Amino acid sequence: MRPEWTKFKPVNIKELPKEDWIAPGHRGCQGCGTVLPIKLALKVLGPNTIAVSSTGCMEIITSPFPFTSWKIPWIHVAFENAATVASGIEAGLKALMRKGKISKKEWINVAVFAGDGATYDIGLQYVSGALERGHRIIYFCLDNEAYMNTGVQRSGGTPLFAHTTTSPAGKVIHGKVGWKKNLDGIVIAHGIPYFATANPIFFADFLNKVKKASLVEGPSFIHVYSTCPTGWGAKSEDTVTLCRLATETRIFPLFEVIDGKYYILNRKIDKPKPVEEYLKIQRRFRHLTPEEIELFQNKVNEEYERLVKLCEVFAPPKESS
Amino acid sequence: MGKRVAKEVSIAVADAVAQCRVDVISAYPITPMTHIVEHLAELVNNGELDAEYIAVESEHAAMSACIGAAAAGARTFTSTAAQGLMFMYELLFIASGFRLPIVMVVVNRALSAPISIWNDHGDVMTMRDAGWIQTFAENGQEAVDLLYHAYRVAEKTMIPVAVNLDGFIVSHVVEPVELLDQEQVDKYLPPLKMKYKLDPKKPITMGAIGVPEIYTEVKKAQDEALKASYRVILQAWKDFEKITGKRYQPIETYWMEDAEVALVLMGSLSETAMNAVDKLRDQGKKVGLIRIRLWRPFPLQEFIKAIGKVKALCVFDRAMSYGSTGGPVGIEVRSALYQSNKRPKVLNLIGALGGRDVTVEDFEEIFDRTYSFIKAKPRFTYEIYGAKE
């Protein structure tokens, strides 16, 4: 489909490197489902990678001077601009390679790890600019659905009705007003070579998406479901359960979009679990009335059906692989 | 040396940037800096300059991209003015805190509101404390020469440099400008080699959290580096003199040897002021002029030396510092003099704001006022010059 993938070999999980390029001993919470995808992604990307973080949990837990969890070159500049910092790095590498000032034998991955606040809200313009200009960067939006670093404030990625400190479950207003922003739609509209949603618990799917993204000679964007036990009021040991339920309830479906036009549903959920199963193990949803749960369920169904339709209508041409 | 060619100053500056063999240019258009980056885009797209031109979506992004590119080891350039500088403000401090050798040309323009595209120094004065080396050009030739100097200094000190030139008055004027030959530039400016950069072969962490135990030490180190850059700045001008025969100093003086009163200025207004000095000298009045070329680090000793034996100074500021004790330069000068044995009276005027003309006649009058200020009891801390009642 993409010329870069003609010889694509799926990641062999048995051959994954034992080494991690984000070290253990960081200051993440127990059960943090946001640091997990970074660890996994770096197993595919390897040490020939420059990482860019936006301000956020993943930045603070990995870099309190004089400690660092990063075994690869890493930069954090500010909250909103990780996509643009990455654009600058990519342009710098390109120019330096072209001029023979650094080795051009192997392209250096430029990977962004940014939260939902840094992507949906304060950094949306920067993401859009970078995607439009076509820089070869891999953007991971680690979506834990609120500003967790500053104490769980709502973001554009916060789900409907979710309690946060700035969308509290009050007597009159029941948590977050409005459905989660359609970030995927916005990103896809840029017509970038590769877009995917990913859930770290679907291990092989996740790793292969990272590999595809790394091969694409242009921007790629992976929207990663990232749990936050602290901010969601969930048990640390429920991270894996939450990840599984998010996809199995159709709340976070797994799909890819190639060149902004070909939709692929990676995991069709024919017998979805009720969203209630997902909602009830998180304190951020505990105030929901049965009517609200029903409303939530209906919206999830509607969104999922829309996606299935898109994947039918805009399926990739059935040529080779 | 190159030929003296009549050129719009913005174009000459862009040509000088190209001669510096920048790797990455990242900019967002704003009047009156546009001609600089337009010309650079043209050079890139015509294959005359081997660089990446990132046409970003804002000034904040322009500086973000410069930070990324510089962190990767690339020579970078950006330019902006007024609102654009305001919009990239957050990152100015990060660029200097990261010790990245970014060079920026600020084409000075007044700040909104009310919106104004015309010249004063309100924009750059907001970055006074941003930890950048800052120079002010009087004319096009100086702007070009300061640009070469900026890269040399930035890359030797690992401190970003802002070269200031007055919007329209300098940027859009066609002037005879002499660029260096490419070989001279290459000699003056060897390829950038960074000790610390984003390199997978030698991974580093950039932008870590400064916990309370180390934040103060980092800031002290940064300040010491900026102060220490003074020596490098002087040396870079000496090296420039060896190539061109042109002599640059942190402070420029005009008729100061026996001056009784003097004007203190920055930027292009000094050309007008010099005409006033000439006229008054013809009348036997002992007036002089001090132009501050290097604003940060502030050349304290040079300044004290430059004032000679004046009895009164008039600091003519071109930016507001609302509700304070003066304009930014006025405050700086008074503060410098407080610890000095020399204590001339200091009249602080703030004027030529938002493109308001100040003429030779105005400066003659200002000199007269400065004379009478010698004996006057200071009744005010500063005054907005030329405001209509």
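Me: In β9(B), which residue is the bridge partner of A:I75?

Reply: B:M206 in β9(B) is the bridge partner of A:I75. This is a predicted model: local features need pLDDT of at least 70, side-chain atom pairs count only at pLDDT 80 or more, and totals for chains, interfaces and linings use all residues. Residues are numbered from 1 along each chain as its sequence is written, while chains are lettered from A and ligands numbered from 1 in the order in which they are written.

Me: How many bridges join β2 of chain A to β9(B)?

Reply: Two strands pair if DSSP finds at least two bridges between them. Here 2 bridges join strand β2 (residues 74–76) of chain A to β9(B), and the strands run parallel. Strands (E, at least two residues) and helices (H or I, at least four) are DSSP runs, numbered from the N terminus.

Me: How many residues does each chain bring to the contact?

Reply: Residues are in contact if their C-beta atoms, placed from the backbone, lie within 7 Å. Chain A brings 39 residues and chain B brings 39 residues. On the chain B side, α3(B) gives the most, with 9 residues. That side divides into 24 nonpolar, 9 polar and 6 charged residues. Ala, Val, Leu, Ile, Met, Phe, Trp, Tyr, Cys and Pro count as nonpolar, Asp, Glu, Lys and Arg as charged, and the others, Gly among them, as polar.

Me: At roughly what angle do α3(A) and α3(B) cross?

Reply: Axes are lines fitted to C-alpha atoms, for helices over the stretch in contact, and angles run from 0 to 180 degrees between N-to-C directions. Helix α3 (residues 82–98) of chain A and α3(B) cross at roughly 45°, with axes that come within 6 Å. α3(A) and α3(B) are therefore oblique to each other. Angles under 35 degrees count as roughly parallel, over 145 as roughly antiparallel, 65 to 115 as roughly perpendicular and the rest as oblique.

Me: Which residues of α3(A) meet α3(B)?

Reply: On α3(A) they are A:T84, A:V85, A:A86, A:S87, A:G88, A:I89, A:A91 and A:G92. Their counterparts in α3(B) include B:A61, B:S64 and B:G68. The contact of α3(A) with α3(B) divides into 10 nonpolar, 6 polar and no charged residues.

Me: Is B:E389 buried or exposed?

Reply: Count other C-beta atoms, placed from the backbone, within 10 Å of the residue's own: 20 or more is buried, 12 or fewer exposed, in between partly exposed. B:E389 has 2, so B:E389 is exposed. B:E389 lies in the segment after β16 (383–384) of chain B.

Note on methods
Contact = placed C-beta atoms within 7 Å.
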